[in-house]
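Here is a friendly walk through one protein model, meant to be read with the structure open beside you.

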Amino acid sequence: MPYLSKIALNPRRRAAVSLLSSPHRLHAAVLAGLAVQPVTERVLWRLDNNTPHRADLLILTQSRPSWAHLVDDAGWPGADDGAPLIADYTPLLERITRGREFGFRLTANPARSITQPSRPSEQQAVRMKKAAENGRKVRGSRVAHRTAAQQLQWLLDRSERHGFTIPDATATPPAPGLQTEEQNLAAGPAAAIVSRDILRFRKHPDGPRVTLSTATFEGHLRVTDPDTLRTTLLTGIGPAKGYGQGLLTLAPLRPLEAHHG
């Protein structure tokens, strides 16, 4: 049975600062919340930095977790709203039907795979050098999409294979008497990038530096394949899932937000 958890982290605590500065350390702390070790189940997580005073950590697990260690070390133990929220994810999965629309949020690492990047990262350069020294074929390297337009197109191109489409947004209608028959109220896709970041960290102090370009998307989606979308929610979208990328979350639309195009 899948569970979606939400833990509030306190950025003013030393342990939280350490976790928030390294997706590698935060991933290890997430896995430590599961009783069966080593962890073999799929775990997705996302960090929502909504304010400078609080960071919300969302985690999707296949078994019921315990987040006491995160709250005690990096949260607000014993405070109002300091307890982690752990919810059964099954009711949401059961509400997914063809044609239904939801609000969504996704933080992802939009990237493509090429064999010879023009500006390889430190980690890619190390891997390419080792392959050349051992006479092996160089496997494809992930290259990040860097512009907002490329990142949004990356999501639009992948939506169908993940069980949904992003409908067109509808512009605000003009005042009565100003609308013409030729006026087009389409305002592009009902999705936008609300934040972008470049994460730089090392798995080990003397290891190569990992660089990730991330984008957080928000908008509306329409279900086209319920089973595929359920799989997407449980397995994520795109690469770097161990570093907090790929968790797609849904929310019911309020009546005024529903798209009727």
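Which helices and strands each supply at least two residues of the lining of the second largest pocket?

## The second largest pocket

Keep in mind that this is a predicted model. The elements that each give at least two residues to the lining are two helices, H1 (14-20) and H2 (23-31), together with the strands E2 (44-51), E5 (101-108), E11 (191-202) and E12 (209-223). Among the contributors, E11 gives the most, with six residues.

The volume of this pocket is about 450 Å³. Its lining is made up of 25 residues, and those closest to the centre are Leu47, Asn49, Asp197, Leu199 and Thr214. Sorted by class, the lining holds 10 nonpolar, nine polar and six charged residues.

## The overall picture

Stepping back, the protein has seven helices and 13 strands. It is 261 residues long, and 40% of these count as buried. If you look at contacts with a separation of 6 or more, 71% of them are between residues 24 or more positions apart.

In soluble globular proteins, nonpolar side chains tend to be buried together. Here, the largest nonpolar core has 28 residues. Phe104, Phe217, Leu221, Leu229, Leu248 and Leu250 are the ones with the most contacts inside it. Another core, of 17 residues, lies apart from it; Ala16, Leu26, Ala29 and Trp45 are among its members.

Leaving aside neighbours within four places in sequence, Phe217 is in contact with residues including Phe104, Arg105, Leu106, Ala108 and Pro110. Its contacts also include Gln151, Leu152, Trp154 and Leu155, as well as Ala192 and Ile193.

## A closer look at Ser159

Is Ser159 buried or exposed? Ser159 counts as buried because its relative accessibility is 5%, and the cut-off for buried is under 20%. Apart from neighbours within four places in sequence, Ser159 is in contact with Phe164 and Thr165.

Definitions and conventions
Residues are numbered from 1 along each chain as its sequence is written. This is a predicted model: local features need pLDDT of at least 70, side-chain atom pairs count only at pLDDT 80 or more; totals for chains, interfaces and linings use all residues. Side-chain values use heavy atoms; hydrogens and water are left out. On a 1 Å grid over the protein atoms alone, a cavity is a set of points where a 1.4 Å probe fits but cannot get out, and a pocket is an open set with protein on both sides within 12 Å along at least five of seven lines; lining residues have an atom within 4 Å of a point. Grid points are joined across faces, edges and corners, and a volume is the space filled by probe spheres set on the points. Helices (H or I, at least four residues) and strands (E, at least two) are DSSP runs, numbered from the N terminus. Ala, Val, Leu, Ile, Met, Phe, Trp, Tyr, Cys and Pro count as nonpolar, Asp, Glu, Lys and Arg as charged, and the others, Gly among them, as polar. Buried means under 20% relative accessible area, exposed over 50%, partly exposed in between (1.4 Å probe, protein chains only). Contact means heavy atoms within 4.5 Å. A nonpolar core is a set of buried Ala, Val, Leu, Ile, Met, Phe, Trp, Tyr and Cys residues joined through side-chain atoms within 4.5 Å.
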